[in-house]
Amino acid sequence: MLEAEQGKWVQDEHGWRYYNQDGKFTVNNWQYIDGSWYYFNGGGYRVTGWLQLGNTWYYLYKDGTMATGWLLEGKTWYYLKDSGVMATGWVLDGNTWYYLKGSGAMATGWIQLGNTWYYLKGNGAMATGWLHYANTWYYLKDSGAMATGWVLDGNTWYYLKGSGAMATGWIQLGSTWYYLKGSGAMATGWIQLGSTWYYLKASGAMATGWVLDGKTWYYLKSSGAMATDWLLDGKTWYYLKGNGAMATGWIKVRGVWYYCSSSGAMQTGWLLDGKTWYYLKDNGAMAANTWIGRYYVNGSGAWVKTR
């Protein structure tokens, strides 16, 4: 590369040459003239447009000056480094990343590099954070890589499918079910879907079996649905109220009295409640106005006499 001291431009029918102070012109080489770089071909004429030297591309404007920075050629953007070399791959311009294809063209939309997907906005800027594309939400990490699996954004967990699409509704991971709200946020605690209640643990996992919420026990079926009414767990009967809460003490179900211990287990046989004895049949129903062997229970179920 040459740097001119003092010379002059001369135009003929073939283009422009630059004659140096010694009267000679540069051939097949770069020359720095008045603060700009120019390239002169084998005839000594300055080049304009795209120039390939070896495996490297450059762009010279109509006045022959070497381009640097962003270049719009037709409808396509390119980026030329400070050296004039056409960039390919990732380029950081200010605080923003861009991707230039092998052709040098600035990428937009989805691109896959290796096993990783990235999204470039319409202006070429690499997207990070949430992206709404074709009615679907995606999440791009700080590196620009499309996220899959669980993502914690602030204090909220989200799940991105293998395609990167944000999940909503029920999802099963391994043997565990989770529920993602319409916003994509992972649900915890009680949720009502239609007429059915479910309980999601702090981890988001759908609960089954017994759950203690505050001081109240609830039972969630294998489907996750909150149980109500009578429940047989093992060999023991329990009663779950309409709100799902496990009953203890006396309960009246469809006109019949039953008694559930503090553990919720339905009692059978003789029961001492305070100073009064009662008798619960094998099905748990309180006996009334009848003899139990030698003992008589009245209309309220209390043992009142012996024969």
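Predicted model: local features only at pLDDT ≥ 70, side-chain atom pairs only at ≥ 80, totals over all residues.
Local features need pLDDT of at least 70, side-chain atom pairs count only at pLDDT 80 or more, and totals for chains, interfaces and linings use all residues. Residues are numbered from 1 along each chain as its sequence is written, and side-chain values use heavy atoms, with hydrogens and water left out.

The protein chain contains 0 helices and 32 strands. Both kinds of element are DSSP runs numbered from the N terminus: helices are H or I with at least four residues, and strands are E with at least two. The C-alpha trace spans about 140 × 25 × 25 Å along its principal axes. The radius of gyration is 40 Å, whereas a compact globule of 307 residues would have one near 19 Å. This radius is taken over C-alpha atoms, and the globule rule is 2.2 Å times the number of residues to the power 0.38.

Of the 307 residues, 42% count as buried. Buried means under 20% relative accessible area, exposed means over 50%, and partly exposed lies in between (1.4 Å probe, protein chains only). The accessible surface comes to about 17,700 Å², and 45% of it belongs to carbon and sulfur atoms. Such areas come from the Shrake-Rupley method with a 1.4 Å probe; for residues, only the protein chains shown count as cover. Contact means heavy atoms within 4.5 Å. Among contacts with a separation of 6 or more, 27% are between residues 24 or more positions apart.

The loop between β3 (15-19) and β4 (29-33) holds Asn-28. Asn-28 is not a glycine, yet its phi is positive, about 50°. Asn-28 is partly exposed, at 49% relative accessible area. Thr-26 lies in the loop between β3 and β4 as well. Thr-26 is buried, at 4%. Its side chain joins that of Gln-31 in a polar contact of 2.3 Å. A polar contact is a pair of N or O atoms within 3.5 Å; within protein, one must be able to donate a hydrogen and the other to accept it, and residues adjacent in sequence count only if both atoms are side-chain atoms.

Strand β4 runs antiparallel to β5 (residues 36-40), joined by 5 bridges. Two strands pair if DSSP finds at least two bridges between them. Ile-33 stands opposite Ser-36 in β5. The hairpin of β4 and β5 has 2 residues between the strands, and Asp-34 there takes a positive phi near 50°.

Tyr-45 sits in the loop between β5 and β6 (49-53). Tyr-45 is buried, with 12% relative accessibility. Beyond its neighbours within four places in sequence, Tyr-45 is in contact with residues including Asp-12, Trp-16 and Phe-40. The side chains of Tyr-45 and Asp-12 form a polar contact of 2.6 Å.

Arg-254 occupies the loop between β26 (249-253) and β27 (256-260). Arg-254 has a positive phi near 50° and is not a glycine. Arg-254 is exposed, at 64% relative accessibility.

An open antiparallel sheet of 3 strands has the order β30-β31-β32. Strands β30 (290-292) and β32 (303-306) stand at its edges, each with a single partner, so one side of each has no neighbour in the sheet. Strands β31 (residues 295-297) and β32 pair over 3 bridges. Val-297 stands opposite Trp-303 in β32.
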